[in-house]
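Have a look at the model below. This report covers helix packing, then the domains, then the ligand site.

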Amino acid sequence: MKTAGDTRSILDALESQHPGADTELHYRNAFELLVATILSAQSTDRRVNLVTPALFKRYPDAGALAKATPGRLEPQIHSTGFFRAKSKALVAMARALVRNHGGNVPADMDALTALPGVGRKTANVVLGHALGIPGLPVDRHVLRVANRIGIAGSDDPVVVERQLTSALPPERWTRASDTLILHGRRICRPKPLCDECAVQHECEYFQRGGVAEPVTRPHRKARRVAPQTP
Ligand code: SF4
């Protein structure tokens with residue numbers, strides 16, 4: 001795996017290739033970003049941005065959303081996919097915000113991940129973009145790109161988050177995630193456009209001729225097998 005210094009200079013190069021990388025979700029406050037990020041699971045930011053203006057008009061805050069029922073919400077978010085599960089999660093999340101946080105979005109990882117439908121990636125998106133607290137969301141693009149380049153070495157998002165945050169100063173975390181996501185969408189796609197990549201010469205995947213490195217998994221104890229009797 002790359003050193004912390006290498007990781008920083010690779011991110012410098014990628015940030016030059018994708019200046020101003022930022023979340024593509026539209027939002028005006030932490031509540032709206034939390035809702036939009038939950039809706040973005042298994043969907044695209046573009047699709048989410050099509051439904052959120054009307055949704056935020058009808059439910060401008062946690063108090064309004066807490067009074068909704070999942071059934072009333074479903075038609076409004078139908079096009080983002082998994083609309084039944086998302087409707088339930090959104091209403092439960094809003095009710096928990098009202099019950100436990102006075103309707104406000106808490107600026108705290110543990111409190112955020114305790115909310116229904118909110119995982120570590122969603123919490124990091126909200127913390128980093130809307131609450132001014134460094135967070136490095138690891139999605140499938142960050143996982144793929146970071147592992148290919150060699151600035152991370154795991155298929156576990158929590159481990160990759162730890163590897164990247166330990167190599168970068170906190171003020172770079174959110175921009176680093178946004179940059180890796182954009183690089184994964186535009187250049188380092190599942191079928192990568194390596195000729196257009198700013199870090200081709202540093203990339204371990206490219207140096208191996210486009211062969212993925214097997215990721216390290218935790219060792220499991222070998223299962224004892226009883227000897228076969230003849
Ligand atoms: S060289 Fe290719 S595989 Fe490596 S980061 Fe760039 S696009 Fe991805």
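At what angle do helix α2 and helix α6 pack, and how far apart are their axes? The angle is about 155°, and the axes of α2 (residues 30-39) and α6 (residues 83-101) are 10 Å apart. This is a predicted model.

**Helix packing**

Angles over 145 degrees count as roughly antiparallel. The pair α2 and α6 is therefore roughly antiparallel. The crossing of α2 and α6 is right-handed. On the α2 side, V35, I38 and L39 make the contact. On the α6 side, K86, A89, L90 and M93 take part. By class, this contact of α2 with α6 holds 6 nonpolar residues, no polar ones and 1 charged one.

α2 also packs on helix α8 (residues 120-130). Here the angle is about 145°, and the axes are 10 Å apart. The crossing of α2 past α8 is right-handed. From α2 come A30, L33, L34, T37 and I38. From α8 come T122, V125, V126, H129 and A130. The contact of α2 with α8 has 7 nonpolar residues, 3 polar ones and no charged ones.

Another pair is helix α1 (residues 4-17) with α11. Their axes come within 10 Å and cross at roughly 60°. α1 passes α11 in a left-handed crossing. L11, L14 and E15 of α1 meet R175, A176, T179 and H183 of α11. The residues of this contact of α1 with α11 split into 3 nonpolar, 2 polar and 2 charged.

| Helix pair | Angle | Axis distance |
|---|---|---|
| α2 and α6 | about 155° | 10 Å |
| α2 and α8 | about 145° | 10 Å |
| α1 and α11 | roughly 60° | within 10 Å |

**Chain and domains**

What does the chain contain in helices and strands? It has 12 helices and 0 strands. From the N terminus, the elements run α-α-α-α-α-α-α-α-α-α-α-α. Along its principal axes, the C-alpha trace spans about 65 × 55 × 30 Å.

The chain is divided into two domains. Domain 1 takes residues 4-20 + 137-207, and domain 2 takes residues 30-130. Their C-alpha centres lie 27 Å apart. How many residues of each domain are in contact with the other? 7 residues of domain 1 touch 6 residues of domain 2. On the domain 1 side, α10 (157-167) and α11 (173-186) each supply at least two residues. That side of domain 1 has 5 nonpolar residues, 1 polar one and 1 charged one.

**Ligand site**

Which residues come nearest to the ligand? Of the 14 residues around the ligand, these are C188, P192, C194, C197 and C203. Two elements give two or more residues to the shell: α9 (140-149) and α12 (204-207). The largest share, 3 residues, comes from α9. By class, the shell has 12 nonpolar residues, 1 polar one and 1 charged one.

Definitions and conventions: Residues numbered from 1 in each chain as written. Predicted model: local features only at pLDDT ≥ 70, side-chain atom pairs only at ≥ 80, totals over all residues. Near = placed C-beta within 6 Å. Helix = DSSP H or I, 4+ residues; strand = E, 2+ residues; numbered from the N terminus. Nonpolar A, V, L, I, M, F, W, Y, C, P; charged D, E, K, R; others polar. Domains from an automatic or database assignment. Contact = placed C-beta atoms within 7 Å. Axes fitted to C-alpha atoms, helices over the stretch in contact; angles between N-to-C directions. Parallel < 35°, antiparallel > 145°, perpendicular 65-115°, else oblique. Left-handed = near helix turned anticlockwise from the far one by under 90°.
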